[in-house]
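Hi,

Here is the structure I promised to pass on. Have a look at it first, and my notes follow below.

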Amino acid sequence: MNTGQARVAGLDFATLFPVSSGGWGDDLWSGLHFEWKRPVSWMPVLGKWLAPRFRKDGVRRLKPNAYRDLCWDDTEWSDVLARSMVGVFDEHVAALAEALSGSVLRTFHGCRTEDAGSYHREGIRIHDRAELSELARRIVRSSDRLAAFAATVEQAIRKEANEVEDVRSGRLYVVADDRTLVKYAAHYLIYGSEWLLAVLGPVGADILKGRGVPTLVEIDLPLHMAGDYSRKALARCLLNEWTRFVCNRPDWLASIDFSFCLLQNIPPECVAGHSHPAELRDPIEGAVYQASKTTCIHCEQ
């Protein structure tokens with residue numbers, strides 16, 4: 001098993017590939033709530049969706065339980081599945097992406113906050129450059145350690161605005177797998193805003209770590225909020241992992257590095273919960289970070 005991958009209960013072929021009930025099955029995804037790391041929440045549905053799209057000899061071509069010596073993220077899994085399906089594989093990917101627009105996926109957002117209740121009450125807002133710029137100014141004004149930075153903070157704000165304007169401004173990112181976020185991108189939880197970290201520099205980094213609590217927010221994302229490109233990419237991930245399970249019968253589920261770039265706020269009704277990890281790997285300092293608090297104002301009420 002790959003290090004860091006989560007073990008899952010075995011799913012037999014009858015569960016992964018239930019008999020089709022007729023039709024193309026796009027309605028199978030309507031209203032479905034699923035989570036990447038809970039394969040039982042989506043693999044049987046995907047198998048049922050795939051069934052009418054298989055060739056008559058598709059199962060024989062797929063060779064269930066016949067081990068393939070392929071890495072879990074090898075794109076050749078798509079080729080393995082494509083040989084069993086009628087028509088053009090990319091058209092099936094597009095059809096699945098369209099069907100997924102009616103479903104809801106559990107996603108995650110990393111941040112640092114004093115009160116995670118604000119997300120439950122107000123939702124999660126897209127990156128607002130003006131709002132973050134004013135926050136940077138307030139942090140500088142309120143910190144003696146940053147007093148020398150007061151004269152150049154405006155220059156730093158302009159520099160970062162020019163360099164990353166198209167990357168973050170007006171956008172919001174969530175991920176499909178919290179394991180990857182916590183393991184490889186925990187700086188969002190340790191420092192909060194990546195943009196603020198870039199503006200305030202090393203001294204500001206220590207100050208940011210003293211504000212709020214590392215927070216992992218759980219979001220039930222209606223996939224119609226995601227762009228078609230992202231849904232197609234997710235569709236390929238689902239198809240490839242389903243195929244790997246059917247062929248190799250692994251006892252672990254791949255941890256994927258998959259982000260959604262949203263251009264609108266996430267409403268509060270989509271916020272399903274939050275947690276405060278006690279231990280994180282800081283990718284900036286390359287050391288283990290121990291949180292001094294694992295509760296926020298919302299938790300303590």
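Which residues touch the most other members of the largest nonpolar core? They are W29, L46, L50, W242 and F260, in a core of 58 residues. A nonpolar core here is a set of buried Ala, Val, Leu, Ile, Met, Phe, Trp, Tyr and Cys residues joined through side-chain atoms within 4.5 Å. Buried means under 20% relative accessible area, exposed over 50% and partly exposed in between, with a 1.4 Å probe and protein chains only.

Before the details, some notes on the basis: this is a predicted model, with local features needing pLDDT of at least 70 and side-chain atom pairs counted only at pLDDT 80 or more, while totals for chains, interfaces and linings use all residues. Residues are numbered from 1 along each chain as its sequence is written, and side-chain values use heavy atoms, with hydrogens and water left out.

Helix 12 provides the largest share, 8 residues. L46 touches W29, L96, L238, L239 and W242, leaving aside residues up to four places away in sequence (contact means heavy atoms within 4.5 Å). There is also a second, separate core of 30 residues, with A156, I157, L216 and Y289 among them.

Next, the aromatics. Rings of Phe, Tyr and Trp (its six-membered ring) pair if their centres lie within 6.5 Å; planes under 30 degrees apart count as stacked, over 60 as edge-to-face and the rest as tilted. That rule gives 6 aromatic pairs. One of them is F17 with F54, tilted, at 4.8 Å centre to centre and 50° between the planes. This pair joins distant parts of the chain, 37 residues apart, and both F17 and F54 are buried. F17 also forms a tilted pair with W242, at 5.9 Å centre to centre and 50° between the planes. Here the partners are 225 residues apart, with F17 in the loop between helix 1 and strand 2 and W242 in helix 12. W242 counts as buried because its relative accessibility is 0%. Together, F13, F17, F54 and W242 form one aromatic cluster.

Enjoy looking through it!

Best wishes

Terms used: Helix = DSSP H or I, 4+ residues; strand = E, 2+ residues; numbered from the N terminus.
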